[in-house]
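Me: I would like to go through this structure slowly, asking each time what lies behind the words that describe it.

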Amino acid sequence: METIVFALVNGVIYGLLLFMLSSGLTLIFSMMGVLNFAHASFYMLGAFFAYTIMGATSFWLALIFAPILVGLIGAAVERYGLRRVHVNGHVAELLFTFGLAYLIEEIVKIVYGKTAVNYRVPSILDFPAVQIYGADLPAYRIFMLFVAMAMLIGLWLLLRRTRAGLIIQAALSHPHMVGHLGHNVPLIFMTVFGIGCALAGLAGVIAGNIFVTDPSMAVQMGPIVFVVVVVGGIGSLEGAFVASLLIGLLQNLAVGINASFADIFGFLGLTSASEVGSITVSSLGPVLPFLLLVLILIFRPQGLMGEREL
Amino acid sequence: MTEPMLKVTDLHAFYGKSHVLRGVNLEIMPGEVIALLGRNGVGRSTTAKAIMGEVAPKGEILFKGQPIAGLESHKIARLGLGYVPEARDIFPTMTVRQNLILGVKNMRKPGKHSIDQMLDMFPNLRERADNPAGVLSGGEKQMLTMCRTLMGDPDLIIIDEPTEGLAPKIVHRIGDMIADIARTGVAILLIEQKLSIALRIAHRVYVMGHGEIVYSGTPEDFRTRDDIRAEWLEV
């Protein structure tokens, strides 16, 4: 029982973290029409900036300023990079974001070195908050949950309850018409790109200290975020949300199961001494999202809630 | 003599290598209703798109004396030039009311029309004010698109094929609506196939053929020009 509860809590937290990344990526996809390969690099930048700012001041300032800084860099990338590349078509854009991902990774290696930096959970949040079935749930996990929920509600309010949000949504689907109504579409696109990157940066700030903050964190996170966006339905925020939670829970529940194939399929004569029988369910955790991706692309190419096929 | 509100001189436009506009010249005076007639594919919609900045224009376009050729479309719109495209382009997942809100350019400086006034004028839209615009009928969508553009207080509206695909009764109502808009002093460039509407409300008529203007005159004169109709309009 306690394994399941822990897996659920961690799954939801990880899922919301994935949504922080995938919401920005899916908004940017709606706008550009291509996946931004560099998206997870902004997540990495968030973590490294937070490490630097926290070293000089405090975690709380890092929580505010690191995402803003990442957002500004994102906006500049759109304004001076992508916007110029855009006229040359989707392939050029895709290659641009691909190159950018490597560029950011190499710059991070030059500035921070190739190994992990010591970005830690702030001491004020470094204690066990609650006990569930005798095991501790760290306060920082609860804090992550709050930040993620606040971000979720903030994004929902912005997009659904403000005129600016309406203009953003309309600009993503009908950019020409929105321009003819007098709204500055290039500025809207730059802002959307900036907000998307800032959300990825925020994810980096709150996750970099419980995972590892090193130059490979973008490469590790990138594929899983793509999976979320494709499974959810490309361009759909609701889909990204559902897929984030689904994948978060799926991975954490699988990891929490100690059974091996021999335990499950023992009635077929499978023993734990055999190679197949010794495979544990928990070792399948990392495979599941990609299995889901492949299945979705075959059987439901528009994703869970998307309107268009890839 | 007052200055024209819109003056287009020697306007050219290209789709790839194909030369679509071959030196279009036209003028619209303040408050004037102009019908731009012609067969499909002669460049009427491209003329609208080139003026509105959606297709790259070559040539001179003056709006209220100011050159606008090649400006970004939101800048053109903010000078007071409204555009109702052929595709109508309503925002289907948003409500009728939200569509109208998006027509307002600056919430701090609301225009002549309030959303309530618009809904009073069009009871059909009021009934569906909080429904997604995607469920409206073709005629209602057309009304909504025109109302949305009016929310931005334009001095000139370019309306592209407003009655395409609509039932005859609705066509007549859309014609009335355009005439009503014109009576408020807004100039209109109406791109239309149906002569009945165009001749009923236009002050002047342009006919386009092969990417240029081939005739210009009053509706009265146009009615007598069977030659023009036969050569440039009849299929």
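Me: How do you know that helix 1 of chain A passes helix 10 of chain A in a right-handed crossing?
Reply: A crossing is right-handed if the near helix is turned clockwise from the far one by less than a right angle, and left-handed if anticlockwise, and by that rule helix 1 of chain A passes helix 10 of chain A in a right-handed crossing. Helices are DSSP runs of H or I with at least four residues, strands are runs of E with at least two, and both are numbered from the N terminus.

Me: Before we go on, what kind of model is this?
Reply: This is a predicted model, in which local features need pLDDT of at least 70 and side-chain atom pairs count only at pLDDT 80 or more, while totals for chains, interfaces and linings use all residues. Residues are numbered from 1 along each chain, chains are lettered from A and ligands numbered from 1 in the order in which they are written, and side-chain values use heavy atoms, without hydrogens and water.

Me: Why is A:Ala92 called partly exposed?
Reply: The relative accessibility of A:Ala92 is 24%, and therefore A:Ala92 counts as partly exposed. A:Ala92 belongs to helix 4 of chain A, residues 90–112.

Me: Where does B:His210 lie, and why is B:His210 called exposed?
Reply: B:His210 lies in the loop between strand 9 (204–209) and strand 10 (212–217) of chain B. Its relative accessible area is 60%, so B:His210 is exposed. B:His210 also has a positive phi of about 50°, although it is not a glycine.

Me: What makes the ring pair of A:Phe261 and A:Phe265 edge-to-face?
Reply: Rings of Phe, Tyr and Trp (its six-membered ring) pair if their centres lie within 6.5 Å, and planes under 30 degrees apart count as stacked, over 60 as edge-to-face and the rest as tilted. By this rule there are 15 aromatic pairs over all chains. The rings of A:Phe261 and A:Phe265 have centres 5.7 Å apart and planes at 80°, so the pair is edge-to-face. Elsewhere, ring pairs link A:Phe37, A:Phe98, A:Tyr102 and A:Phe226 into a cluster.

Me: How do you know that the charged end of B:Arg148 sits over the ring of B:Phe91?
Reply: A charge sits over a ring if NZ of Lys or CZ of Arg is within 6 Å of the ring centre and within 35 degrees of the ring normal. The charged end of B:Arg148 sits over the ring of B:Phe91, 4.6 Å from its centre, and A:Arg79 lies over the face of A:Tyr80, at 5.0 Å from the ring centre.

Notes. Buried means under 20% relative accessible area, exposed over 50%, partly exposed in between (1.4 Å probe, protein chains only).
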